[in-house]
Amino acid sequence: MKFELQRGLALQSNITTLVLFVTQPKSEGPEIRKAPLSHNLPSELKKVFSELIDEKTLTGVAGEFVFLRNHAVLGFKHILFYSLGMWGGEDHESLRSAGGSLEGVLNSHKISSAAIHLESLGNKISPIFIQALVEGLSLSAYRFEELMSPKKDAPKELKLVLSYHDFTKAHKEALDTAVITSEMVCFSRRLGDLPGNLMTPTILAEETKRASKGSKVIVSVWDKARLSKEKMGGILCVAQGSSEEPKLIKMEYKGGKASQRPLVFVGKGLTFDSGGISIKPSASMEEMKYDMCGGANVIGALLAIAKLKLKVNAIALIPTTENMPGPSAIKPGDVVRARNGKSYEVNNTDAEGRLILSDALCLASELKPRLIVDAATLTGAMVMALGNIYTGFFTKDTELKSQIEKAAKASGEWVWHLPLCDYHTKDMKGTYADLSNMSSSKGAGSATAAAFLEQFVAKGIPWAHFDIAGTGWATGSRLSYTSKKGASGVMIRTFVELAKLYE
Ligand code: BES
Ligand code: MN
Ligand code: ZN
């Protein structure tokens, strides 16, 4: 998808379709707003619009659209009226959502170029609305079709002209931000959508290096020998049952002063989670290719932060392995030591995410960070608790909690703070070792997992854990700009907004 900003609605012979938004401003009641059409649009168009309203073809309900094919006006071939519903000009998610549905409409009508008349939204369009609309359009255009035979009549890349009388530098920046962020979200989605045989720890490391070329991100990868030397007992024990070599991917970006301490992002990169010896039931096991989405999204977030040239220092750490029941696999009851010397009983080999994260969080703590944020498809309990819209997060740091909520409000992603207390920590005590990877109590499976992770974060470092088990990939998505099935790239936008708060 290509975007262009244009002052006013100059005629362009190569653009086929004119898109006009229809809104029902809250302050003016449920009546469709007719005012925007007074903006230097021909009376002929106003007449068509009035007729559509009078005959109730257009009622203004969100998502409703009328496509007038071969209805030449102003040199355009077709006209598309698209209803936003009630919109008072305050919430950006409506525009992201409209962008998503609009892309679907343009695609199903095989439109390859359109001009979006932004004045139809109102006289003053703030940059965040441009960002949201462009994100909705771009995120919705993502398709994962590379493993299918090529389609003969593949549609051409959509070209979109955003027309508005008063574009400023801030609008241009908002467009650039949206394009970069969406590209990175789609990049991460692809990593998630690739199946386990085509997305191994080695491939994940290679793809990270490839994507970082030409950016200011430096990638280094630890192999198995180095992981042993570095005492990364958690990653190694999970990898024992697989023939794929585990890795630890490190990405570094220096956008701030040399002396500035880094923001550290950690992501779970389980390229396939069979459960190991505590093997999972076969129903839906194929979904466990998505168990590396935390890692993929942290990779995407770091690349976005670098490409947006944010003035922060940031590091991403992605422990990556398969969890398989091979002949050398770790057995229930085995005791392992993590990088910080703490020992744990592995009473269930399917609770492996916390094991690979334990070492990565130790390493993150050693980097003297300003904060540590991790993302992981960690627990099935999170899917039960919050479903697939809200991402649950844990932190005991009240300042970080409000920064995260602020960042999520700006990104339009949904987060929910969940409780973590000493009782959860007590549940994770071991019988024969310092800790157990299984809770001794029933319930609160996501909180007890977080309590386990906390044991590997050095005291005093603000830390937040995002359990994206419910939101990392979609199964019948409610969002117009996320595939019905597939990786979502969730939290990348929020992590970018969070990093902005540290500039
Ligand atoms: N990757 C899974 C968590 C998961 C399950 C994510 C379903 C998304 C959907 C994780 O490794 C796991 O298996 N967790 C176990 C932990 C349990 C054994 C304590 C779980 O949640 O069942
Ligand atoms: Mn598991
Ligand atoms: Zn897992």
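Let's start at the zinc ion (ligand 3), which K268 (NZ), D273 (OD), D291 (OD) and E352 (OE) coordinate at 2.0 to 2.4 Å. Donors here are N, O and S atoms within 2.8 Å of the metal (3.2 Å for Na, K and Ca), and water is not among the atoms, so sites may look incomplete. This is a predicted model, where local features need pLDDT of at least 70 and side-chain atom pairs count only at pLDDT 80 or more, while totals for chains, interfaces and linings use all residues. Residues are numbered from 1 along each chain as its sequence is written, chains are lettered from A and ligands numbered from 1 in the order in which they are written, and side-chain values use heavy atoms, leaving out hydrogens and water.

Along the chain, the zinc donors follow the spacing K-x4-D-x17-D-x60-E.

D273 bridges the zinc ion (ligand 3) and the manganese ion (ligand 2), which lie 3.2 Å apart. The protein donors of the manganese ion (ligand 2) are D273 (OD), D350 (O), D350 (OD) and E352 (OE), at 2.1 to 2.2 Å. With angles of 69 to 166° among its six donor atoms, the manganese site comes out irregular. Its donors are spaced D-x76-D-x1-E along the chain.

Now for the helices, which are DSSP runs (H or I, at least four residues), numbered from the N terminus. The axes of α3 (residues 127-140) and α4 (residues 169-193) come within 8 Å and cross at roughly 30°; axes are lines fitted to C-alpha atoms over the stretch in contact, with angles from 0 to 180 degrees between N-to-C directions. Helices α3 and α4 are therefore roughly parallel (under 35 degrees). Contact means heavy atoms within 4.5 Å.

Helices α5 (residues 201-212) and α8 (residues 293-307) pack at about 10°, with axes 11 Å apart, and are therefore roughly parallel to each other too. Here L204, T208, A211 and S212 in α5 meet I299, L303 and K307 in α8.

Key: Helix = DSSP H or I, 4+ residues; strand = E, 2+ residues; numbered from the N terminus. Parallel < 35°, antiparallel > 145°, perpendicular 65-115°, else oblique. Tetrahedral: all angles 85-135°; square planar, octahedral: opposite > 155°, others 65-115°.
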